[in-house]
Amino acid sequence: MTRAHTALVLVDLQRWIVDRPWQPVSGAAVADACGRLREHFAAADSAVVLVRYVRADGADGGLAAAPNQFVPACAARAGEHVVTKHGLDAFEGTDLHDHLRQAGVTKLVLAGLTTAHGVASTAATALRLGYEVTVVSDATASESDAQHREALDRLTALGARTSPAGSLVASETAGG
């Protein structure tokens, strides 16, 4: 992947989401993996986008509510684009597509929670919009191992690549 045209998109890594029970790995393990991916992509001068979900009606306390804060490993940093969504798909009703196009991004690497919901919805839209998509298989999780694997299989059938974080970082480091 050419780093200049690649963005890492981290989905729904807020306290209340990460703290729920996920499979095949815990939300904390997903957040840790996402933190490592973020360090790698930031060091390579690739774009990093953080996506968060809040209820449109504010019933969850809104952006300032403690449960809606990103976990520390994934808190927003200067220069990172933050997208606030009100549904599953990070493209729906947000500036994500415009931001990525203006930055010249053609390839997305997606990780976060959950494989079957926010990650899958965002990946499917990205594919429809013409992005090359890689989902980091061990930096996402779902309600069950079967649901996680089924979501990855569906995304692969749509044209996404899946890759474990270690292989992705190794190929990025090698310039591949």
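A residue is called buried when its relative accessible area is under 20%, exposed when it is over 50%, and partly exposed in between (1.4 Å probe, protein chains only). The structure is a predicted model, in which local features need pLDDT of at least 70 and side-chain atom pairs count only at pLDDT 80 or more, whereas totals for chains, interfaces and linings use all residues. Residues are numbered from 1 along each chain as its sequence is written, and side-chain values use heavy atoms, with hydrogens and water left out.

Helices (H or I, at least four residues) and strands (E, at least two) were taken as DSSP runs and numbered from the N terminus. Helix α2 comprises 17 residues, 27-43. From its first C-alpha to its last, helix α2 reaches 24 Å, close to the 24 Å expected at 1.5 Å a residue; the expected span is 1.5 Å times one less than the number of residues. The buried residues of α2 include V30, C34, L37 and F41. Just after this helix, D45 adopts a positive phi of about 60 degrees.

A disulfide was defined as a pair of cysteine sulfur atoms within 2.5 Å, and by this rule the count is zero. The sulfur of C34 has its closest cysteine sulfur in C74, at 5.4 Å, and this pair is therefore too far apart for a bond. C34 counts as buried because its relative accessibility is 0%. C74 is likewise buried, with a relative accessible area of 0%.

Salt bridges were assigned where a side-chain nitrogen of Lys or Arg lies within 4 Å of a carboxyl oxygen of Asp or Glu. The whole structure contains five salt bridges. In one of them, the side chains of E39 and R77 meet at 2.5 Å, N to O. This pair links distant parts of the chain, since E39 belongs to helix α2 and R77 to the loop between β2 (47-53) and β3 (81-85), 38 residues apart. E39 is partly exposed at 40% relative accessibility, and R77 is partly exposed at 37%.

Another salt bridge joins D57 to R55, with the closest N and O atoms 2.7 Å apart. Here D57 counts as exposed, at 54% relative accessibility, whereas R55 is partly exposed, at 38%.

D145 and R149 also form a salt bridge, in which the closest N and O atoms are 3.0 Å apart. Both residues lie in helix α5 (residues 145-158), four residues apart, about one turn of the helix. An α-helix has 3.6 residues a turn, so residues three or four places apart point the same way. D145 is partly exposed, with a relative accessible area of 29%, and R149 is partly exposed, with 47%.
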